[in-house]
Amino acid sequence: MLIVIGGLPATGKTTLSRLLAARIGAVHVRIDTIEQAIVRSGLARHPVGPAGYVVGYALAEEHLRQGLTVIAESVNPLAVTRDAWRETGIRAGVAVAEVEVVCSDPAEHRHRVTSRSIDIPGLRPPDWQEVVEREYEPWERERVLVDTAGQAPEQSLDALLRDLERVRGSGS
């Protein structure tokens with residue numbers, strides 16, 4: 001299965017993706033890691049454009065073809081990137097679950113943006129203004145929605161696992 005996790009910065013995507021990967025034994029493909037590696041290589045500077053996503057699609061497809069479950073995590077702000085992830089799963093012949101992670105409490109979200117630490121060397125996190133001004137197209141198709149506001153990461157994981165079971169059961 002391909003589980004595509006998207007959402008604005010500091011909503012809890014990485015935390016949730018890591019917890020999910022550990023729980024179900026999946027491969028976690030994180031676009032921030034790929035993009036920062038491209039920057040460190042000297043081939044590009046931020047923003048790197050579509051390169052990180054294209055590499056992510058290729059890695060995800062390779063892992064899926066090996067029979068592994070993949071969690072693809074990125075902001076995933078545009079319909080074109082969401083469509084490309086879906087196509088990656090279709091090419092690999094696996095079910096695709098799309099997940100949008102939100103933090104519906106603006107004060108909590110802002111606090112997360114301004115207080116978080118970054119675990120990727122050299123990556124500069126966006127500030128609050130950059131987060132709220134970021135291009136982010138509304139999702140136009142069904143997806144699992146996880147609201148991380150006011151709950152522990154493990155609670156968000158439990159909600160996500162329940163919804164993924166529903167998706168898996170419906171054959172999406």
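**View 1. The largest pocket of the predicted model**. The largest pocket has a volume of about 1,200 Å³, where a pocket is an open set of points on a 1 Å grid over the protein atoms alone, at which a 1.4 Å probe fits, with protein on both sides within 12 Å along at least five of seven lines. Of its 42 lining residues, which are those with an atom within 4 Å of a point, the closest to the centre are Pro9, Asp32, Val75, Arg116 and Pro126. Helix α1 (13-24) gives the most to this lining, with 5 residues.

**View 2. Helix α4 and its buried face**. Helix α4 (residues 79-92), a DSSP run of H or I with at least four residues, reaches 20 Å from its first C-alpha to its last. Its buried residues, among them Trp85 and Gly89, have under 20% relative accessible area for a 1.4 Å probe with protein chains only. Seen down the axis of α4, the buried residues fall within an arc of 115 degrees, taken from the directions from the axis to the C-beta atoms, so they line one face of the helix. On the other side, Val80 and Ile90 are exposed, that is, over 50%.

**View 3. Strands β4 and β5**. Strands β4 (residues 96-102) and β5 run parallel and are joined by 4 bridges; a strand is a DSSP run of E with at least two residues.

Residues are numbered from 1 along each chain as its sequence is written. In this predicted model, local features need pLDDT of at least 70, side-chain atom pairs count only at pLDDT 80 or more, and totals for chains, interfaces and linings use all residues, while side-chain values use heavy atoms, without hydrogens and water.

Definitions and conventions:
Two strands pair if DSSP finds at least two bridges between them. Grid points are joined across faces, edges and corners, and a volume is the space filled by probe spheres set on the points. The expected span of a helix is 1.5 Å times one less than its number of residues.
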